[in-house]
Amino acid sequence: LRDRGLGEALRAAANRATLPTTVEVLDEARHDSEVEAAVYFCCLEAVQNAGKYAGPAARIDVAVGRDHDVLWFEVADDGVGFDVDAGGAGQGFVNMRDRLGALGGDLTVASSPTSGSTVRGTIPLG
């Protein structure tokens with residue numbers, strides 16, 4: 001992460017994932033190390049969660065990009081999903097929200113049974 005950047009670190013993590021995982025990095029620019037670490041570890045947590053809960057036939061897509069002064073990431077799977085409103089978001093999501101919140105960022109989780117899950121985070125830059 002420190003030497004080769006966020007994109008390369010995420011691609012390496014995808015190669016170790018338990019489910020087929022693709023990575024698309026739309027912003028290869030370097031950012032503050034705290035920002036890159038937050039995005040990396042949140043993506044890693046989301047990929048690990050999908051690996052545990054999405055089901056053996058699921059696929060995972062990771063994307064990272066920048067919209068003006070906001071760096072964003074999205075980790076989506078086409079797995080079994082879960083009911084977010086029924087308390088399906090566990091400690092991993094709390095940790096991701098805390099990590100992003102410390103940098104002024106935010107996390108959203110969208111899922112429903114049988115429709116997969118999408119974890120999206122944003123961090124303001126500058």
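In this predicted model, the axes of helices α2 and α3 come within 10 Å and cross at roughly 170°. Helix α3 spans residues 91-101. An angle over 145 degrees counts as roughly antiparallel, so α2 is roughly antiparallel to α3. The crossing of α2 past α3 is left-handed. On the α2 side, the contact is made by Ala37, Ala38, Phe41, Cys42, Glu45, Ala46 and Asn49. On the α3 side, Gly92, Phe93, Met96, Arg99 and Leu100 take part. Eight residues of this contact are nonpolar, two are polar and two are charged.

Helix α2 also meets helix α1. Packed helices are described by the angle between their axes and the distance between those axes. For α1 and α2, the axes come within 10 Å, and the crossing angle is roughly 15°. Angles under 35 degrees count as roughly parallel, and α1 and α2 are therefore roughly parallel to each other. Here the crossing is right-handed. Leu6, Ala9, Leu10, Ala13 and Arg16 of α1 make the contact with Glu36, Val39, Tyr40, Cys43 and Leu44 of α2. The residues of this contact divide into eight nonpolar and two charged, with no polar ones.

Helix α2 itself covers residues 33-53. Its length is 21 residues. From first C-alpha to last, α2 reaches 30 Å, close to the 30 Å expected at 1.5 Å a residue. Gly55 follows α2 and has a positive phi, near 110°.

The helices can now be placed against the strands. Five strands form an open sheet with mixed pairing. Their order is β1-β2-β3-β5-β4. Strands β1 (21-25) and β4 (106-111) are the edges, and each pairs on one side only. On average, neighbouring strands of the sheet are turned by 10° against each other, direction ignored.

Strands of a sheet pair through backbone hydrogen bonds, either parallel or antiparallel. Strands β3 (residues 70-77) and β5 (residues 117-124) run antiparallel and are joined by eight bridges.

Helix α2 lies across β1, β2, β3 and β5. The angle between α2 and β3 is about 10°.

Definitions and conventions:
Residues are numbered from 1 along each chain as its sequence is written. This is a predicted model: local features need pLDDT of at least 70, side-chain atom pairs count only at pLDDT 80 or more; totals for chains, interfaces and linings use all residues. Side-chain values use heavy atoms; hydrogens and water are left out. Two strands pair if DSSP finds at least two bridges between them. Helices (H or I, at least four residues) and strands (E, at least two) are DSSP runs, numbered from the N terminus. Axes are lines fitted to C-alpha atoms, for helices over the stretch in contact, and angles run from 0 to 180 degrees between N-to-C directions. Contact means heavy atoms within 4.5 Å. Angles under 35 degrees count as roughly parallel, over 145 as roughly antiparallel, 65 to 115 as roughly perpendicular and the rest as oblique. A crossing is left-handed if the near helix is turned anticlockwise from the far one by less than a right angle, and right-handed if clockwise. Ala, Val, Leu, Ile, Met, Phe, Trp, Tyr, Cys and Pro count as nonpolar, Asp, Glu, Lys and Arg as charged, and the others, Gly among them, as polar. The expected span of a helix is 1.5 Å times one less than its number of residues.
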